Amino acid sequence: MDPLITAAGRALAMGDPLAALNCVALRDDAPSLALRGIAMAQLGELDRARVLISDATRAFGSREPLARAKCIVAEAEIALASRDLGWPSPKLDAAREVLEQHGDRVNATHARYIDIRRRLLIGRLNEAELELGVMDVASLPPALRAIHELIVAGIAMRRLETQAARDALMQAERASQHAGIPALVAEVASKVELLGLPAARLTRMGSERLLLLSEVEALMASQAFVVDGCRYTVKHKEAVVSLATRPVLFVLLRIMAEAWPKEASRYDLIARAFRMKQADDSHRARLRVEIGRLRELLKPLATVDATSRGFALVPHEACEVAVLAQPVEEKYAPILALLSDGESWSSSALALALNIGQRSVQRALDTLATEGKVYSFGRGRNRRWTTPPIAGFATILLLPGSLALG
């Protein structure tokens, strides 16, 4: 065994990329290329890392399937870190099978966790949880155990299970400290911090305040009639009605919920829902049609009464109406929420995570760039978008898996 390769591998396992580069920086054999690529990835030079790992994969070739499979797993991890969520998952599955066939259980498990984390990022919580359920946590090394608990916490946060998230993060904190990898310790600490940041804004009877994730969970478990502007749903007790594909109806409902217990005027409803400053008979007729559709969808939970000035929301049972919204609201808030994680995203990855057309995302990014809210680097398929984190807010936690820009 080459002692320099062994030393570089140990340094990378402990999160010390500079020590690894000291061992292999001047070498161009396949193992050195792979280790240099991983070191560059740990230093944040993802484009250079991608090139080095790709060169190493070709250099190993078909005669060294185990080493080649490890390189493919490293490529997948770099793709995840650079938010290239369209990276071919069948390639990762094939590499995992090779690792399992050769008895490399640790790297095979790592490959599975990369796939699960990708599913979590694009909002496929059920799939991620199903995959997570088959993992044998007790036999994992500390670093992978920390990753496992981070994923558990991520799913729990998005499902408003705050205590479960807090417990998982405590386990992740212990495992990361045991692993002794600074980057992993920092990642766990950043997730712990999210639980103490505002996750939503509450409007109730004319007053507003910010809510922590635990407070959002308590609100959802209460007897209130909740109009959720983060997930575009309406909830009372166990009944939930989704309006994610009916943006106009949701806007009408939100206006009436914000006005509750008073009525919302026809002028306000038309101006905000239809974006018209002046209303004529055709707009009033359209309003009546949309209100009729909304009444039909809300039948299990509430009705909408016509008044002399407009319309009023009347819940069947709830004694109070609450409106949840993102802490920072604007037209392209979902894109800004994803970009606020501090990573660089491609437009295709944003489209995949939000389940909308890539061209719509590109138009939104161009608008945000013109306003100075996002910036890009690279060209063509390598173009990435990012923005500084929105300080003080846990903006991504309440995004649905499928959300239209409105």
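Biologist: What share of the 406 residues in the protein is made up of buried residues?

Modeller: In this model, which is predicted, buried residues make up 47% of the 406 residues in the protein. The word buried is kept for a residue with under 20% relative accessible area.

Biologist: What makes up the secondary structure, and what box do the C-alpha atoms fill?

Modeller: The secondary structure comes to 18 helices and 11 strands, and the C-alpha atoms fill a box of roughly 85 × 45 × 35 Å when it is taken along the principal axes. The accessible surface of the protein is about 19,600 Å², and carbon and sulfur atoms hold 53% of that surface.

Biologist: Why is Tyr232 called partly exposed?

Modeller: Tyr232 has a relative accessibility of 22%, and since buried means under 20% and exposed means over 50%, a value in between is called partly exposed. Tyr232 therefore counts as partly exposed. This residue is found in the loop between strand E3 (225-228) and strand E4 (233-236).

Biologist: What is said of phi at Tyr232?

Modeller: Phi of Tyr232 is near 60 degrees, which is a positive value in a residue other than glycine. Tyr232 sits in the turn of a hairpin that E3 and E4 form, with four residues between the two strands.

Biologist: Why does Lys237 count as partly exposed?

Modeller: Lys237 has 35% relative accessibility, so it counts as partly exposed, because that class lies between the limits of 20% and 50%. Lys237 also has a positive phi of about 60 degrees, although it is not a glycine, and its place is in the loop between E4 and strand E5 (239-242).

Biologist: How do you know that E3 and E4 pair, and in which sense?

Modeller: Two strands pair if at least two bridges are found between them, and E3 and E4 are joined over three bridges, in the antiparallel sense. One of the residues involved is Val227, whose bridge partner in E4 is Val234.

Biologist: How many bridges join E3 to strand E9 (residues 321-325), and how do the two strands run?

Modeller: Four bridges join E3 to E9, and the two strands run parallel; with at least two bridges needed for a pair, E3 and E9 therefore count as paired.

Biologist: What makes both faces of E3 covered?

Modeller: Phe225 and Val227 on one side, and Val226 and Asp228 on the other, are all buried.

Biologist: What is found at the peptide bond between Trp260 and Pro261?

Modeller: The bond that joins Trp260 and Pro261 is a cis peptide bond, with omega at about 5 degrees. Pro261 is found in the loop between helix H13 (247-259) and strand E6 (264-265).

Biologist: How many cavities of 30 Å³ or more does a search of the whole structure find, and how much space lies in the largest cavity?

Modeller: The search finds two cavities of 30 Å³ or more, and about 90 Å³ of space lies in the largest cavity. Helix H5 (65-81), helix H6 (89-101) and helix H7 (105-121) are the elements that give two or more residues to its lining.

Biologist: Which classes of residue form the lining of the largest cavity?

Modeller: The lining has eight nonpolar, one polar and three charged residues. Among the residues that line the largest cavity are Leu80, Trp87, Ser89, Asp115 and Arg118.

Notes
Residues are numbered from 1 along each chain as its sequence is written. This is a predicted model: local features need pLDDT of at least 70, side-chain atom pairs count only at pLDDT 80 or more; totals for chains, interfaces and linings use all residues. Side-chain values use heavy atoms; hydrogens and water are left out. On a 1 Å grid over the protein atoms alone, a cavity is a set of points where a 1.4 Å probe fits but cannot get out, and a pocket is an open set with protein on both sides within 12 Å along at least five of seven lines; lining residues have an atom within 4 Å of a point. Grid points are joined across faces, edges and corners, and a volume is the space filled by probe spheres set on the points. Ala, Val, Leu, Ile, Met, Phe, Trp, Tyr, Cys and Pro count as nonpolar, Asp, Glu, Lys and Arg as charged, and the others, Gly among them, as polar. Buried means under 20% relative accessible area, exposed over 50%, partly exposed in between (1.4 Å probe, protein chains only). Accessible areas come from the Shrake-Rupley method with a 1.4 Å probe; for residues, only the protein chains shown count as cover.
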